[in-house]
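Trainee: I am new to this structure and would like a close look at a single part, the sheet. Please go through it and what lies around it.

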Amino acid sequence: MISALSPSSDPIVVATNVNKVYGRGQTAVHALKEVSVDIKRASFTAIMGPSGSGKSTLMHALAGLDRIDSGTVTVGGTRIDALPQSRLTKFRRDHIGFVFQSFNLIPALNAEENITLPADIAGRRVDQERFDLVVDAMGLRNRLKHRPAELSGGQQQRVACARALVGSPDVLFADEPTGNLDSHSTRQVLTRLRAATDEFSQTVVMVTHEPEAAAYADRVLFLVDGRIIGELRHPTADSVFDALRGLGELTEDEDAADIARRPASSASPVEDSVSQELLRAHRPRHATPPTQNSPTTALNLGDPNDPISGRLSVIGTEKDGVVNATELASMIPPPRVVVPPEELPVVPAPTLEATAPIRVVDDIPTELHAEPAATSNGAPAEPHPTAEPDPDVPAGTSRDGAPTPDSGPVDPDSYESEPLEETPTVPDTVDMPDMPAEPHTAPTATSNEACATTAPQSPSSDGEE
């Protein structure tokens, strides 16, 4: 059951009357409203609440990632809300570790280089003993030379955890560290965060929406609409789930004390039975640490006589804890609605509109007459004149006797013939005046053979030189 906040002994983080507002005027959103809380040293604290309740905003305010509008935040005795930006950046680098939902690893660096990257940037030497202790605790000894692309999602997140722990920070803040992991990798990361608190006395503050993840913490803080309404000490997955169910029914002015005084539900026995079974099914799969040889269990959802919920029996083992509700909820049959046949709407059959009959044309001309092309000014081009055949030239040959391609019969009446101009005849021989013949003299060779020239030979008729 959720209880009111109680002060912690030896706190390492203290927030007093913290307010954070985004926007102005009518669009202003009060993310945090007079939040006062402290975090015990060497403890594991989880922060939970509905979506938009201010979980991540509170973590960012406690870690110095966001500036608050009013109030104070102290980490390890240093008031970080009053530090200038340059000193705040150095303080975060030296005293605070971060693990986010995305792994934020450098793809070009291997696991070892990613782990030592903050110390390399700060110019500090890595404590080899601390490095070996963290690497072995995270189970990364055989993966130090692998790059992020060669690692699984769980291994990449463990590298991110090792990077945050190797510098011995005062507080390790983790924002949804298992949001991108499967159930097996989730257990590995949470188990090692728990071991960091138990073995290294590391203070861990984790924001999560999973009851099974919150069950690894020592204390769970619950937020609703920017206010911390209570806490849960020594949580289990079942107790966290029940507490979240109560948060959904809170009004604006209620807190943890009002939850304890709230009367029992007024739902009917059948509705309450179905509700309890569904809530039980939605409990996380890893409510308790895995055990060997767990007994088999059967889970029934709903009432066999209830047409709304139907009936669903799931047989499984409790090796991983309580059965996952997300898988079961998707298997619940939808409500069955029976409608009498006489009340079914009558849908008229579609009617086809009559169309005009298609007329088949058989008298398609076999020969098409080509119209003469138009000229550039738009007037139709005149047909090319056709010469009358020469009676002295045989058909199928030209004037020089070469055969001509068969262009088909030509109708002389379809074109207007024009008289051809007479071509002047060229005599076969031309009378040339007699020219005196001059003797041919060969060129005289010089003493320099390189300068001697010979007359070019004319190519023969067959193309050979």
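**The open sheet**

Mentor: An open sheet is built from 4 strands, ordered E2-E1-E4-E5, with antiparallel pairing. Strands (E, at least two residues) and helices (H or I, at least four) are DSSP runs numbered from the N terminus, and two strands pair if DSSP finds at least two bridges between them. E2 and strand E5 (78-79) are the edge strands, each pairing on one side only.

This is a predicted model, in which local features need pLDDT of at least 70 and side-chain atom pairs count only at pLDDT 80 or more, while totals for chains, interfaces and linings use all residues. Residues are numbered from 1 along each chain as its sequence is written, and side-chain values use heavy atoms, with hydrogens and water left out.

Val75 stands opposite Thr78 in E5. Helix H1 (residues 55-63) packs on the sheet and touches E1, E2 and E4; contact means heavy atoms within 4.5 Å. The direction of H1 makes about 60 degrees with that of E2, where axes are lines fitted to C-alpha atoms, for helices over the stretch in contact, and angles run from 0 to 180 degrees between N-to-C directions.

Between strand E1 (11-22) and strand E2 (29-40) there is a loop that holds Thr27. Thr27 is exposed, because its relative accessible area is 60% and exposed means over 50% (1.4 Å probe, protein chains only). The side chain of Thr27 reaches the backbone oxygen of Arg24 at 2.8 Å.

Notes. Buried means under 20% relative accessible area, exposed over 50%, partly exposed in between (1.4 Å probe, protein chains only). A polar contact is a pair of N or O atoms within 3.5 Å; within protein, one must be able to donate a hydrogen and the other to accept it, and residues adjacent in sequence count only if both atoms are side-chain atoms.
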